Amino acid sequence: MRLLLLGCTGFVGKELVPTLLNENHEIYIVSRKPISKLKVDLDFNKFKFFQIDLSKEKNWNNENLLNILRETDGIINLMGEPIAEKKWTSEQKQEIENSRINTTTFMMKTLKNLKINPKVIINGSAIGYYGTSLSGEFTENSIGGKDFLANLCKKWEAVAAEKPFFSRLVIFRIGLVLEADGGALGKMLPIFKVGLGGPIGDGKQWMSWIHRTDLCALITQALVDKKYSGVFNAVAPNPVLMREFSQTLGKCLNRPNLLPVPGAVLKILLGDGAKVVLEGQKVISSKLKNYTFKYPLLEKAIYASTKN
């Protein structure tokens, strides 16, 4: 398939792009960053790259972009400012929202105006859709939460639902993505490797996770398998408590699992963004029962990520 990739230039894209190329898809990557900033470790001749900021509506009139859209079989939209990298100032919250909502709004508007119907559109979302809970269990049928992230996910999914009539839409509510070279695990590894790691907060919060390899395999399968339609929770089948996550990471690294990292420290660093790590939610998928995860268990996932 000829695929247009939005927001696939970072942590997930690093594995997703090679996975798609191995399936012989033709790839166009669109990013507001220059090609030199891509985290994708590939020969740049293997894909086509287009630098443009798609959160600005005027840029959707670019003729080169429109020509790519007209010839596209599928779109993967994971566009968005990272959630937990910076403190949630009002400006940062606006950036987190605009980078997702505006880009997706303008994309759907452009496709409909030009009567372009890609066969499939895969759109990102997050398990933050459900809000946080220490005791609840959420599936794809659960109602959404009411906090900032939940409202953001609801808006993003509603905008994605405005897709062209004949395009199949798949929305993945993505859990905590694990791999050693980025994300939460990438941040925790250096601390644990020197023996200073421990659970964050009281350790009683749920962590619903997925190994990056499984996420990329899910996206790749959803492109071609028409059974994928609607919303799916992209999470491994065995969520864990933070204390178990911390113990497993220490065990895989053969390091002690020391004192908890106080939530107050995280709040100083991340402000409201600390909620993502301190409160969590137990999310499972009722719609991926027949999908065979390569990494269904945390220990196997962490071991695979840290063995290098």
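## A tour of the cores, the sheet and its helices

The largest nonpolar core holds 35 residues, and Leu5, Leu16, Ile76, Ile122, Phe172 and Tyr228 have the most contacts inside it. Strand 1 (2-6), helix 1 (13-22), strand 2 (26-31), strand 5 (120-126), strand 7 (168-174), helix 6 (212-224) and strand 11 (230-234) each give two or more residues to this core. The top contributor is helix 6, with six residues. A second, separate core has 24 residues, including Val30, Met107, Met108 and Ala160. Please keep in mind as you read that this is a predicted model. As general background, nonpolar side chains in soluble globular proteins tend to be buried together.

Beyond its neighbours within four places in sequence, Leu5 is in contact with Val17, Leu20, Ile27, Tyr28, Ile29, Val30 and Ile76.

### The chain as a whole

The chain has 10 helices and 13 strands. How does the radius of gyration of the chain agree with that of a compact globule? For 308 residues, a compact globule would come out near 19 Å, and the chain has 19 Å, so the two agree. Along the principal axes, the C-alpha atoms fill a box of roughly 55 × 40 × 40 Å. Of the 308 residues in the chain, 55% are buried.

Seven strands make up an open sheet with parallel pairing, in the order 3-2-1-4-5-7-11. Strand 3 (48-51) and strand 11 are the edge strands, each pairing on one side only. From one strand to the next, the twist averages 20°. Although strand 11 is an edge strand, it is mostly covered, with four of its five residues buried.

| Pair | Sense | Bridges |
|---|---|---|
| Strand 5 and strand 7 | parallel | seven bridges |
| Strand 7 and strand 11 | parallel | five bridges |

Phe172 is a handy landmark for both pairings. In strand 7, Phe172 stands opposite Gly124, while in strand 11 the bridge partner of Phe172 is Phe232. Phe172 is also among the residues with the most contacts inside the largest core.

### Helices against the sheet

Helix 6 lies across strand 1, strand 4, strand 5, strand 7 and strand 11, and runs at about 170° to strand 7. Helix 4 lies across strand 4, strand 5, strand 7 and strand 11, running at about 170° to strand 5.

Helix 4 (residues 148-160) has 13 residues and spans 18 Å from its first C-alpha to its last, close to the 18 Å expected at 1.5 Å a residue. Which residues of helix 4 are buried? They are Phe148, Leu149, Ala150, Leu152, Cys153, Trp156, Glu157, Val159 and Ala160. These buried residues pack against strand 4 (74-77), helix 3 (90-113), strand 5, strand 7, strand 11 and helix 9 (275-278). One of them, Ala160, belongs to the second core.

### Helix 7 and helix 10

Helix 7 (residues 242-252) has Met242, Phe245, Ser246, Thr248, Leu249, Gly250 and Cys252 buried. The packing partners of these buried residues are strand 8 (176-178), helix 5 (183-193), strand 9 (206-207), strand 12 (240-241), helix 9 and helix 10. After helix 7 comes Asn254, which has a positive phi, near 55°.

Ala304 sits in helix 10 (residues 298-306). Is Ala304 buried or exposed? Its relative accessibility is 11%, so Ala304 counts as buried, the cut-off being under 20%. Ala304 and His211 are 93 residues apart in sequence, yet their C-alpha atoms are 9.4 Å apart in space.

### A glutamate in a loop

Glu81 is found in the loop between strand 4 and helix 3. Because its relative accessible area is 10%, Glu81 is buried. Setting aside residues up to four places away in sequence, Glu81 touches Arg32, Lys86, Gln92, Glu95, Ile96, Ser99 and Arg100.

Key. Residues numbered from 1 in each chain as written. Predicted model: local features only at pLDDT ≥ 70, side-chain atom pairs only at ≥ 80, totals over all residues. Heavy atoms only, no water. Core = buried A, V, L, I, M, F, W, Y, C linked by side-chain atoms within 4.5 Å. Buried < 20%, exposed > 50% of the residue type's maximum accessible area, 1.4 Å probe, protein only. Contact = heavy atoms within 4.5 Å. Expected span 1.5 Å × (residues − 1). Pairing = 2+ DSSP bridges. Axes fitted to C-alpha atoms, helices over the stretch in contact; angles between N-to-C directions. Rg over C-alpha atoms; globule rule 2.2 N^0.38 Å.
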